[in-house]
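Biologist: Please show me the model, and then let us go through the terms used for it.

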Amino acid sequence: MISWYATLTLACLLLLFLFYREWKRPNRSRLYARLLASLLAAGSLVWMAYPGANKHTAVRKLVILTEGFVRDSIENFLQKNNSAIPLFSAAGKYTVNGYTTQPVADWHAFALAHVADTLHVFGNGFNNTMLDALYPHPIVFHGSPASPAITDVYWKQNIDAGEPLRIQGNYNNNSSQKIKLVLQAFGSGKDSVVIEPGTHQPFSLQCIPVHSGRALYALRTIAGNDTLHREPVPVVVQKNMPLQLLIISSSPDFDNTYLKNHFSQQGFRVFITNTITARKTAREFINMPAQPAGTALTTTYLDKFDVLLADEEALQKISAAELAAVRSTVQDKGMGLLIKMDNQKKSAAFYTPFFTVKALPQNKPTFVLLQGNTTDSSAYKIKLSDPAAIGYVSGTQVILKDAQSNIFASAVAFGNGKIIATTLQNTFSMALAGNTTAYQQLWWLLLNKVAKKQYPEEVWRTSSFFASVNNPALLEAETNAAPAQTAMAGRTTIYLEEGSLPYSRTGTYWPGEMGWQDYPDIQKAGGNWYVYQASDWQQLLWYQRAAATRAYVERRPLVSGGGETTGISKSVYLRLYLLLVFFSCVFFLWAEQKLG
Amino acid sequence: MDNGKGMQLISTLRGKWILYSVLGDGLVATGTGFLTGVLVCELTGWPAWWGIAYGVFILLVLLLVHQPWRVKASAIAALLNQTYPDAEESAELLLQLPASLNTLQQLQYKRTSDVLQTIDAPLSIHKKIWAPAFIMVMMLLTAIAINKLSVPAAKHAPSINHTTVIKKEIVLPQIAALQLFIRPPAYTARPARQQASFNLLAEEGSQAEWKIQTSVAAGQVSFIFNDTVRVKLRLTDAKHNQWQLSKKLDSSGFYQVNIDGKLSELYKIETIRDQLPVIEIQSPKQYTTIEYGEIPQVKITTLLSDDYGIKDAFIAATVASGNGEAVKFKEQKISLQGFAPGARQYRLQQSLLLSALAMQPGDELYFYVQATDNHLQQTRSDIHIVHLPDTAQLMSVEGLANSLTLKPEYFRSQRQIIIETEQLLKDKDTISMEAFKNRGNNLGIDQKLLRLRYGKFLGEESEPGEHGADEVDNIADFSNAEKVMDAFTDKHDIAEDASYYDPATKKQLRATLTEMWRAELHLRTFTPREALPFEYKALRLLKDLQQQSRAYVAKANFKTTPLDLKKRLTGELSKINQAVRQKNIVQQKDPQQVVRDALAVLDTIKSAGNADQQSREILQQANLRLHEKAVQQPSHYLHAVEALNNVLAKLDNNKTLRAQDVQAAQFGLQQLLATPDRMPSAGNGNLKQNLSKQYFNNLQNRQP
């Protein structure tokens with residue numbers, strides 16, 4: 001390599017020679033421009049040759065250690081390459097072969113500072129935030145061998161009382177022995193599944209929590225007699241608020257009476273009106289104030305109720321104004337309408353196009369096994385005296401059907417509310433036969449589906465499913481309240497930003513302690529979320545990091561160049577510019593001489 | 001002169017010889033004993049001490065065989081001569097007194113003696129021990145190998161029960177000794193027993209007597225039963241050291257010892273209830289019919305068992321005779337043969353002769369077995385019915401005369417076969433054997449024809465393999481496709497052949513055909529007497545079929561015409577008020593709710609370490625529920641009660657909680673809980689839906 005000083009001397013000599021030539025030239029026009037061009041040409045040559053300019057362009061290898069790295073593989077790598085490779089780490093300090101790693105906090109700055117260097121990443125790789133910061137710097141990933149791990153998992157953290165807790169996910173068992181996953185609640189196993197060796201298969205575990213409030217369940221991974229991992233599963237069981245039910249019946253009916261008694265015992269507010277004879281009705285108000293007799297149904301009054309349960313005949317008998325009020329409350333206010341239908345011919349109303357009822361042949365078996373179409377496993381054995389089924393109409397959702405796919409309950413969305421029609425007239429027989437659980441479940445299915453939705457003023461959620469201590473958690477709020485700039489989470493103030501939609505706000509929070517945390521409140525929304533320890537669900541997070549890093553490598557592969565690969569660097573552009581300056585100056589001198 | 005030195009040397013060597021011989025035998029015996037011990041232990045499970053006994057036995061046998069003490073000095077001298085050429089075959093000289101030797105011998109004596117002084121003991125004496133030592137090592141290795149190989153099986157077995165860890169009882173330090181006498185009640189016939197631990201497992205009604213010796217003089221000792229009843233112990237000595245209490249144990253529960261205000265942990269009292277006797281009747285079936293022609297007897301096989309013993313057992317039989325209003329019942333008690341009171345299990349067999357019970361055709365026998373145990377608890381089995389059908393009714397044609405069915409001729413045929421079979425049996429003694437066989441066979445053929453005719457109702461065309469062959473065999477029909485197809489196809493589409501019976505009728509017809517098959521079998525094998533029961537059964541089934549078809553009335557669906565309210569109740573009702581009722585139902589609090597809350601409270605305090613007043617109240621209420629349950633099932637819940645008590649005590653004293661206590665309390669509490677029902681509720685809508693709601697409302701408003 002020509003030494004820098006020789007280059008400099010030669011450039012100076014060239015400059016003197018150019019100056020001398022230009023100075024001595026008889027034509028003295030544009031002398032200063034020519035002198036400047038000579039200077040720039042020589043200068044750009046010198047700069048191009050200046051080693052300082054190439055200092056950053058030299059391709060170096062850097063080693064970055066991330067969590068779960070294997071020491072042997074790094075030592076091998078260092079031995080094969082120059083052992084003086086700088087070592088960096090994503091978290092903590094490590095000493096390998098006598099070299100201590102430097103922790104890196106700002107990956108964006110790191111990527112800019114090492115724009116030409118090849119980053120060799122060991123361990124389980126980076127998370128998405130880090131990868132976003134590094135983008136578009138290419139990396140070489142030396143992933144640690146994957147151990148058996150849960151690769152995806154999800155469960156609903158906030159569930160209603162009686163609702164099953166269902167944990168679903170995938171397990172990658174790359175070991176040679178069977179692995180058992182056990183869902184534990186308060187020290188006793190509730191459900192388990194065995195993952196065969198050498199498979200990557202989905203799993204689903206479930207139990208109905210018996211507690212009320214917050215609790216920490218556990219998912220244990222067992223191989224043989226050893227517990228490999230014990231991961232926390234936080235669950236919040238909420239108490240349900242009773243519904244407000246309006247029942248209009250064309251005649252006294254035991255099914256409605258039983259329903260009224262059953263649910264009013266559970267705190268429901270029920271108003272039931274029965275036609276007992278021409279122009280005479282019996283009204284009963286349970287857990288709610290009475291209305292004077294003869295009061296018509298108005299939109300304002302109907303809006304107080306979550307569900308209107310009526311038989312079709314009763315709906316035919318009420319006045320047109322009242323029916324219009326029912327329609328408008330369902331459509332605009334979102335009240336649920338549950339209609340008991342039979343195969344008697346009725347005049348058309350707003351709900352009739354969705355439900356066509358036909359009688360079923362009488363020779364069917366007396367007991368019919370109904371299946372919930374929207375839930376997976378519920379089945380109800382019921383005795384039907386006059387079986388009738390609802391025909392399928394496009395746009396409706398089947399709620400209950402039998403083994404022959406005869407529909408016994410069907411739902412349709414009507415404006416803001418829902419309408420469900422059912423042909424079941426004697427559900428009480430289930431309860432009287434002693435099967436109250438099935439009765440409750442059947443009515444839960446119908447009422448829960450049809451009931452008016454409540455719109456809370458404020459809803460919070462965390463965007464990272466596994467928010468852990470000392471890591472940022474993104475809190476999202478959906479609120480109708482006036483835009484707030486800050487919210488208090490414990491003693492910490494969170495600054496809120498406008499989200500993509502007008503009612504959403506987002507804020508970043510760094511939890512300092514593990515365990516249950518209260519959501520910050522703008523309007524006292526309440527609610528809890530759980531902050532995990534850094535070691536919780538570690539295998540899953542590592543697996544996901546490795547997968548994200550591999551995906552990143554696929555997205556940003558190294559550009560090959562000679563023996564060592566390098567990225568496009570800033571200094572290459574600089575030299576291109578210098579070359580351009582040099583040629584421009586030389587061209588100017590040549591052209592000026594020719595023209596002169 | 002070294003008089004006697006040589007002698008001394010030889011006797012020393014003899015002593016060594018004997019020692020090594022005994023040692024060698026000892027080694028062999030040890031090895032054998034060890035190996036035997038291991039084998040006995042592994043194969044039979046007996047204690048390994050048997051090996052020692054066997055080892056001693058082997059040692060004695062070997063010593064008696066070898067008799068090492070009988071080895072003679074001359075033999076040792078011979079050995080010396082053999083081993084050491086330097087002794088010049090003169091070792092025997094050393095055994096003699098030098099004075100008795102001649103000069104030459106004396107010279108040789110001295111020389112040999114000197115030589116032998118300079119040499120060590122012969123090697124062969126050392127060698128004596130090698131072989132036995134080798135044998136012993138081999139046997140030890142074999143024994144260890146056997147032991148190792150069988151270790152996994154031995155160790156795995158107890159690991160199955162590792163969950164049932166028996167908790168060690170913690171006794172108050174003031175208690176020096178405890179004697180607890182349990183006297184089981186008389187019905188158990190068990191002897192009194194004694195134990196030195198507080199946890200009790202006793203038969204219901206047992207008398208328990210505690211004798212406590214305190215290490216220091218105590219002011220007062222009392223038991224607190226179920227955390228409610230306090231019973232003082234009686235002082236029996238002047239030093240205030242001996243205390244006594246006697247109590248009858250009628251129910252399960254738990255108790256605590258209180259010595260001068262110092263409380264012990266909770267001890268459980270579990271009582272074993274006396275079970276009712278169990279009766280299983282293996283034969284006959286619940287409903288048995290004895291056909292005409294069968295031996296009129298019932299074989300009753302019954303299994304009786306009880307936990308402490310059965311005192312009495314018998315068969316209660318009732319014969320119902322006659323029908324309609326003239327039905328008569330006759331009850332009698334029949335003792336079970338072979339029953340001797342006191343045993344826990346019986347398997348009894350007894351034959352009931354129906355004729356002995358004076359049963360006539362058409363009568364029914366109802367019987368059940370009743371057993372009484374030592375505690376005078378009684379159980380009775382289900383009622384079994386034995387029916388003796390009246391064949392006279394079967395043979396009557398009265399019912400057939402009025403029938404409209406198409407089958408009377410067949411019935412008559414079956415009846416005819418029965419009549420003829422009976423006639424054949426009567427004539428058996430008067431006719432020749434050949435004629436008997438012929439008539440029997442002819443009857444069999446008739447039975448077959450009848451069966452085939454009935455088979456048609458079931459769609460059976462003919463006897464399998466009967467058709468086809470000769471029809472196709474005709475050479476004139478060669479390549480006649482129609483004939484060939486006729487022979488090999490079933491023509492189910494012919495309307496006259498199709499049967500219109502419902503499945504139940506078909507099933508019974510098939511059963512009838514089976515009986516006819518059996519009857520035919522016996523008729524054709526010249527045993528008409530055995531055929532008779534099957535013939536009768538076939539007839540009875542056919543008769544039933546006929547009765548069924550006559551009794552059947554199709555159910556008609558009944559639906560009233562809907563009421564027209566305009567016409568109905570059109571009277572003046574204006575003075576009748578509209579009914580309005582209002583009531584508030586006080587919602588009953590779910591008794592389990594407090595336990596559900598307590599689970600969450602415990603989970604919170606597990607991480608937080610302390611609890612506020614409200615949480616403590618929840619825990620205290622949950623503790624009451626747990627208490628109630630622990631009294632009924634102490635073995636399940638006592639541990640949880642104790643753990644929750646510890647948690648509450650530590651919360652009150654602001655001490656650090658033990659994670660095991662919290663976990664044990666949670667484990668117990670959750671066992672109390674049933675799965676909650678799902679209550680319908682208004683779900684939460686998403687605020688995103690709120691946006692679409694606004695959009696929808698705007699659309700609605702824009703509509704003309």
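**Strands and helices**

Modeller: β18(A) and strand β21 (residues 579-583) of chain B run parallel and are joined by five bridges. This is a predicted model, in which local features need pLDDT of at least 70, side-chain atom pairs count only at pLDDT 80 or more, and totals for chains, interfaces and linings use all residues. Residues are numbered from 1 along each chain as its sequence is written, while chains are lettered from A and ligands numbered from 1 in the order in which they are written.

Biologist: What makes β18(A) and β21(B) a pair?

Modeller: Two strands pair if DSSP finds at least two bridges between them, and five bridges join these strands. Strands are DSSP runs of E, at least two residues, and helices are runs of H or I, at least four, numbered from the N terminus.

Biologist: Which residue of β21(B) is the bridge partner of Phe285(A)?

Modeller: Gln582(B) is the bridge partner of Phe285(A).

Biologist: How many residues does each chain give to the contact?

Modeller: Chain A gives 58 residues and chain B gives 43, where contact means C-beta atoms, placed from the backbone, within 7 Å.

Biologist: Why are α16(B) and α17(B) called roughly antiparallel?

Modeller: The axes of α16 (residues 613-632) and α17 (residues 634-652) of chain B cross at roughly 155 degrees and come within 9 Å. Angles over 145 count as roughly antiparallel, so α16(B) is roughly antiparallel to α17(B). Axes are lines fitted to C-alpha atoms, for helices over the stretch in contact, and angles run from 0 to 180 degrees between N-to-C directions.

Note on methods
Two residues are in contact if their C-beta atoms, placed from the backbone, lie within 7 Å. Angles under 35 degrees count as roughly parallel, over 145 as roughly antiparallel, 65 to 115 as roughly perpendicular and the rest as oblique.
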